[in-house]
Amino acid sequence: MLAGQTSSLRGARRPPGVTSASISAAGRTAVVVKASAGQKYDYIIVGGGTAGCVLANRLTADGSKKVLVLEAGGMGGDMTSVVPAGLTRLFQHPTLDWNLFSTKQQELANREVYLARGKTLGGSSATNPTLYLRGSPADYDSWGLPGWSSKDVLPWFVSGETNSKGPSKYHGDGGAMKVESPRYYNELHGAFFEAAAAAAGLPHNPDFNTWNRPQAGFGDFQVTQWNGRRADAFAAHLKPAMGRPNLQVVTGARTTKLATEKGSAVRAVGVEYTIGGPSGSRQTAELAPGGELLLCSGTAANPQLLMLSGIGPAQQLAEAGIPMVADAAGVGQNLQDHPATLWASQMKPELEHIAVTSELLTDGDSSDPDLQIRFVPGYALDPDAIQSYIKVGQLRSTKQKWPTGVTMQLLTARPKSSGTVGLRSTDPFDLPKVDLDYFADEADLQTLVAGVKTARRIAEQSPLGRYLSQEGWPGASVTSDTDLEAYVRKTACSGNALTGTCRMGLAPSDGSVVSAADFGLWGVSGLRVIDASVVPTIPGAQTGAVTFMLAERAAALLTKGTPIATAKGAAAGQLAMV
């Protein structure tokens with residue numbers, strides 16, 4: 001037996017007030033089965049996040065395949081995560097979060113941006129706000145990939161879920177992923193809806209996940225919860241499978257290299273990983289003949305691990321002194337996210353009893369809106385939405401009162417800018433170098449400036465305005481476009497929807513990293529990438545639902561041979577060798 005450990009990572013930010021001793025004390029030790037010496041596996045899943053949990057469940061269901069899951073974080077099911085009200089304590093959590101920050105962003109007043117990434121079985125599905133949104137049909141049709149149109153992906157969304165709305169063309173009732181409507185309602189929700197309709201002429205949208213009407217409108221998001229508890233990928237998929245004899249799960253296992261061998265072609269043969277941090281126990285795990293590595297470590301970690309293993313842009317590998325295994329120019333490119341800012345107002349003292357809740361709602365201003373507004377009947381303590389949540393968590397831990405008010409979180413739903421992920425160094429315990437490059441396309445900046453103006457128009461309407469006293473963020477004195485642009489640049493944060501750094505496509509010549517036909521990495525046999533990093537263009541939605549869908553499709557391909565595309569167009573990545 002092996003005690004899984006969570007190592008401290010170089011390049012990670014320690015949350016304010018947390019010492020090394022308190023980090024150690026806060027960690028949870030999970031007893032797991034060690035990868036058996038001499039054991040070989042049909043599949044090694046690197047990363048026990050959303051996609052990894054789905055795949056582990058599906059691939060071991062019939063007992064015929066031996067599967068190993070390697071997760072750098074700890075066991076899932078932490079009560080801080082399971083109870084949705086614990087969300088404010090999950091950001092920059094000492095053991096459940098990677099504490100990853102971007103490089104300093106010139107377009108954001110030279111700030112580093114915090115990027116919330118779950119570090120536990122279940123990954124970010126165990127630490128995110130649980131919002132369940134698929135995006136619009138046009139999001140998938142725009143990919144232009146055989147087998148990935150909206151008509152192709154809808155059945156996988158439906159079959160993968162059990163929805164409290166009941167079965168329909170757009171919702172399922174037999175899937176492992178649980179989805180329900182928010183259970184808490186506050187009179188400020190209704191006031192926001194009325195004000196949104198009056199200010200922007202928006203219609204009510206009763207369900208953002210039905211594709212028989214435009215997305216624009218106001219209404220409730222559904223959430224990945226069940227009976228008021230978080231329904232993450234660990235609870236839905238991995239935990240029920242943990243007793244299977246053909247499944248081994250190792251937590252506290254930092255994968256440091258993908259092992260390959262060159263013969264007539266390049267093939268993945270196993271992994272190297274470490275238990276207990278840089279000075280910990282070094283291990284290897286091997287694939288059985290015909291076995292495969294499934295890389296599911298996420299949009300930030302996948303490019304780092306590929307490059308450390310010699311798979312990436314040739315020039316970057318040469319500069320880092322890493323011997324090249326495969327020249328994959330697209331690795332680490334095409335990073336996309338939802339840049340965000342906020343507007344907030346305090347409430348009139350006599351109405352303070354109405355707040356607070358954490359249910360999140362949405363609004364938009366076109367058929368496929370560029371802007372998403374989440375309404376929170378609580379006052380933002382910081383103009384950076386994520387830092388505001390962190391400060392609320394600190395207030396709750398000291399039993400201090402949260403000032404009353406309302407907040408509208410504003411997101412660029414369909415950004416045009418993209419960034420990159422690369423290496424800080426060749427040390428696998430350094431965190432990846434993430435350059436978000438927000439506002440490289442100024443249209444994304446203008447979307448958020450327009451969002452602040454829209455929030456103000458909504459707040460001015462009597463249904464909501466009668467509750468409010470004075471604007472806190474950005475402040476009534478911030479009125480000119482120049483000042484609003486400066487406010488957005490100084491406060492922009494991540495919508496925590498990182499995608500695209502191993503994007504899928506039709507051939508290596510289109511800049512893609514993996515094949516849209518089978519998730520196979522171009523140039524390396526026996527290696528597939530399966531998670532949000534393969535998304536070609538970010539949908540106007542939180543990416544948890546998309547990742548579940550991708551993993552379900554990959555699992556069906558691997559277990560049943562269910563093809564991604566029946567028409568000609570997408571070549572198989574496993575056949576493209578260097």
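This text walks through a predicted model of one protein chain, from the whole chain down to single residue pairs.

Start with the whole chain. The protein chain holds 14 helices and 30 strands. It has 578 residues, and 61% of them count as buried. Its accessible surface comes to about 21200 Å². Carbon and sulfur atoms account for 50% of that surface. Now look at contacts between residues at least 6 apart in sequence. Of these, 72% join residues at least 24 apart.

H5 spans residues 150-159. Its buried residues are Ser150, Val153, Leu154, Phe157 and Val158. Look down the axis of H5: these buried residues fall within an arc of 140°, so they line one face of the helix. What do the buried residues of H5 pack against? Two of the partners are strands: S7, at residues 131-132, and S8, at residues 161-163. The other two are helices: H4, at 137-141, and H14, at 544-560.

Now find strand S20, at residues 339-347. This strand is mostly covered, with eight of its nine residues buried. Several strands pair with S20, and they can be taken in turn.

Begin with S23, which covers residues 405-412. S20 and S23 run antiparallel and are joined by seven bridges. To place this pairing in the model, find Ser345, whose bridge partner in S23 is Val406.

Move on to S26, at residues 468-473. Three bridges link S26 to S20, and again the two strands run antiparallel. Which residue of S26 is the bridge partner of Ser345? It is Glu471.

Then comes S27, a strand at residues 493-494. S27 pairs with S20 in the antiparallel sense, over two bridges. Here Ala340 stands opposite Cys493.

Finish with a hairpin. Strand S15 runs over residues 253-262, and strand S16 over residues 266-275. How many residues lie between S15 and S16 in this hairpin? There are three. The two strands are antiparallel, with nine bridges joining them.

Definitions and conventions: Residues are numbered from 1 along each chain as its sequence is written. This is a predicted model: local features need pLDDT of at least 70, side-chain atom pairs count only at pLDDT 80 or more; totals for chains, interfaces and linings use all residues. Side-chain values use heavy atoms; hydrogens and water are left out. Buried means under 20% relative accessible area, exposed over 50%, partly exposed in between (1.4 Å probe, protein chains only). Helices (H or I, at least four residues) and strands (E, at least two) are DSSP runs, numbered from the N terminus. The arc is that of the directions from the helix axis to the C-beta atoms. Contact means heavy atoms within 4.5 Å. Two strands pair if DSSP finds at least two bridges between them. Accessible areas come from the Shrake-Rupley method with a 1.4 Å probe; for residues, only the protein chains shown count as cover.
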